[in-house]
Amino acid sequence: MIGLVAATENGRRRARRLSRLWSGARLYEGGAREAVRRAWGECEGIVLFMASGAAVRLVAPLLADKRHDPGVVCVDDAGRYAVSLCGGHGGGANALARRVAAALGAEPVITTASDALGLPALDSFGEHLGFRVEEGSDLAAVGAALVGGQTVRLVSDVRWPLGPLPENVVCSEEMEPPLIFISDRLSEVPRPAAVYRPPSLVAGVGCSSGAGAGEILELLRAALRDSGLSEASLCSLASVEAKRGEEGLLGAAEELGVPVRFFPAGELARQPAPNPSRAVELAVGTPSVAEAAVLACGAGLLVEKRKSGHATVAVGRLPVRGRLYIVGLGPGEEALIPPLARRALSRAGLVVGLEGYVERIRHLLRPGTRILTPPLGEEAERARLALEEARAGGSAALVSGGDAGIYGMASPVLELAGEEVEVEVVPGITAAQAAAALLGAPLGHDHCAISLSDLLTPWEVIERRLRAAAAGDFVISLYNPRSRGRTWQLEEARRILLERRSPGTPVGVVRNAFRTGQEVVLTDLGSLRPEEADMNTILIVGSSRTRLRAGRMVTPRGYAG
């Protein structure tokens, strides 16, 4: 929950606005000092609408531990600034300041050194990958070295898709401080060091009916300890479907704070477990539960099954999957780049795209981001480079304009990407959406999009689709209407549409939507001049219901009335 506390009438007005906007926000009434005390014990974050000096005096006596204190944001009485006051990373104040600023039209003020310099914040490093910070890690000392430009070594058993790292973070096999250490292994680590436990281990569990959680936990923890593995890296338990209601197993998972995956006996029976048991097979339908469950999760077996009186356990390590972000940047205006795209770009160690697209977002990239810009026509090479990085365990973003899933790079990349890569397609504002917004509301009823480029699609297929769309009375967005090498397709499309549409059918012609040189023209199908279009142009051809109203193109939502 987010607590809202105000000391002035202007502040109360803004606080009430946030309480209406955010379902998880609560306005604390009464005196500010008592309101802050109540919010402190109940909220994950607190927004104080008052002068920063007053906010500091109220908060200072309550501060205990930045790992557990709520994040605090202070908003001035004019509503111009949202200041991350304390708990920037651990308390989420930096993110809350940005959220408050977006809601109130204010400017977020974030003074955390790592944020200001575009460096990774150690208390949230790898958080999106599920990393846990080891208790006792020297975050302050390693963070100071990082911000100060000192060489910081990063030692990891495997490559993780960490995103961009600054130049002074050096991947190494030498455990020399200051150090960032990522591993599920229990090791002696020289200090100062920031130690992270990745979610890399899965434990298979078999048990007799009525087996207690304590017995399962004791057996599992002994197996981890004896094998030099960290319990903090355990991300899941796994067992056979027949044990879904076993209270001891569920209790063990609850204490560990991890989920349990259950597999049908038939699926476990197909796994090549090294220590099968005929007795187990007779009891639950599979010769192995613990080992087979580990293998069914896709993990490699590290610890073969161990037994106690009523339980068996085995432990495996999951493979690391690289990440590929396929990012649509929208039509051109920076303000239209969606927040999800900005987040993906901040997490990508490599950005691949055409030079023009990359130049648009270069200033949004974190220090250490690598960039590759194969030229136009080398779509396959761009896909290969991004996938190669992800397959190696890294993180890559493949960027394009508009929406990458509409006449973009998402389709060819997804055809090539296997399960070894985690793919996230980030939507963007399409050319048709951008053009429609500039024209009015031409896509208010059923519509379709057709590309007039016959480089990959035979013209006969395009012609068939044009006739079908015209017969169905769809509003039609025409992509790739004309280029230097393709000069006749738009005129032919116009001729085909005139077989079904009147010459007076409204047509919107938009060139360079939301970019420098933007042109918006309203015309009709009979007056359309194909020679004025190019590859930066999109046309929207209205249906029989489309009308011009006050200089805007409108297709009514329904047919009633």
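## The largest nonpolar core

The largest nonpolar core has 24 residues, and those touching the most other members are Ile216, Leu220, Leu234, Leu237 and Leu256. The model is predicted. Five elements are listed here as giving two or more residues to this core: strand S12 (201–207), helix H7 (213–226), strand S13 (234–240), helix H8 (247–256) and strand S16 (311–317). H7 gives the most, with 6 residues.

What does Ile216 contact, leaving aside its neighbours within four places in sequence? Its contacts are Val205, Cys207, Gly248, Leu249, Ala252 and Ala311. A second core is separate and has 21 residues. Val47, Leu96, Ala97 and Ala106 are among them.

## Aromatic pairs

The whole structure holds 6 aromatic pairs. One of them joins Phe125 and Phe131, with ring centres 6.5 Å apart. Their planes meet at 65°, so this pair is edge-to-face. Both Phe125 and Phe131 are buried. Ring pairs also link these two with Trp160 and Tyr196 into a cluster.

Tyr407 and Tyr479 form a tilted pair, because their planes are at 55°; the ring centres lie 4.7 Å apart. Tyr407 sits in the loop between strand S20 (395–400) and helix H15 (410–416). Tyr479 belongs to strand S24 (residues 475–479). The pair therefore ties together parts that are 72 residues apart in sequence.

Are Tyr407 and Tyr479 buried, exposed or partly exposed? Tyr407 has 44% relative accessibility, so it counts as partly exposed. Tyr479 has a relative accessible area of 10%, so it is buried.

## Arginines over rings

Two arginines lie over aromatic faces. Arg26 lies over the face of Tyr28, at 4.2 Å from the ring centre. Arg99 lies over the face of Trp22, at 4.0 Å from the ring centre.

Tyr479 leads on to a sheet, since its strand is S24. The sheet is open and has 5 strands, in the order S23-S24-S27-S25-S26. Its pairing is mixed. Which are the edge strands? They are strand S23 (447–451) and strand S26 (519–524), and each pairs on one side only. From one strand to the next, the twist averages 20°.

S24 and strand S27 (residues 537–541) run antiparallel and are joined by 3 bridges. Within this pairing, Ile476 stands opposite Val541 of S27.

Helices lie across this sheet. Helix H16 (residues 431–439) lies across S24, strand S25 (506–511), S26 and S27. H16 runs at about 65° to S27. Helix H17 (residues 459–471) lies across S23 and S24, and runs at about 160° to S23.

## Strand S11

Strand S11 (residues 193–197) is mostly covered, with 5 of its 5 residues buried. Ala193, Val195 and Arg197 point one way from S11. Ala194 and Tyr196 point the other way. All of these residues are buried.

Strands of a sheet pair through backbone hydrogen bonds, either parallel or antiparallel. How does S11 pair with strand S7 and with strand S10? Strand S7 (residues 132–133) runs antiparallel to S11, joined by 2 bridges. Strand S10 (residues 179–182) pairs with S11 in the parallel sense, over 4 bridges.

Individual residues show how the strands line up. Val133 stands opposite Tyr196 in S11. Tyr196 is also a member of the aromatic cluster with Phe125, Phe131 and Trp160. Ile180 has Ala194 of S11 as its bridge partner.

Note on methods
Residues are numbered from 1 along each chain as its sequence is written. This is a predicted model: local features need pLDDT of at least 70, side-chain atom pairs count only at pLDDT 80 or more; totals for chains, interfaces and linings use all residues. Side-chain values use heavy atoms; hydrogens and water are left out. A nonpolar core is a set of buried Ala, Val, Leu, Ile, Met, Phe, Trp, Tyr and Cys residues joined through side-chain atoms within 4.5 Å. Buried means under 20% relative accessible area, exposed over 50%, partly exposed in between (1.4 Å probe, protein chains only). Contact means heavy atoms within 4.5 Å. Rings of Phe, Tyr and Trp (its six-membered ring) pair if their centres lie within 6.5 Å; planes under 30 degrees apart count as stacked, over 60 as edge-to-face and the rest as tilted. A charge sits over a ring if NZ of Lys or CZ of Arg is within 6 Å of the ring centre and within 35 degrees of the ring normal. Two strands pair if DSSP finds at least two bridges between them. Axes are lines fitted to C-alpha atoms, for helices over the stretch in contact, and angles run from 0 to 180 degrees between N-to-C directions.
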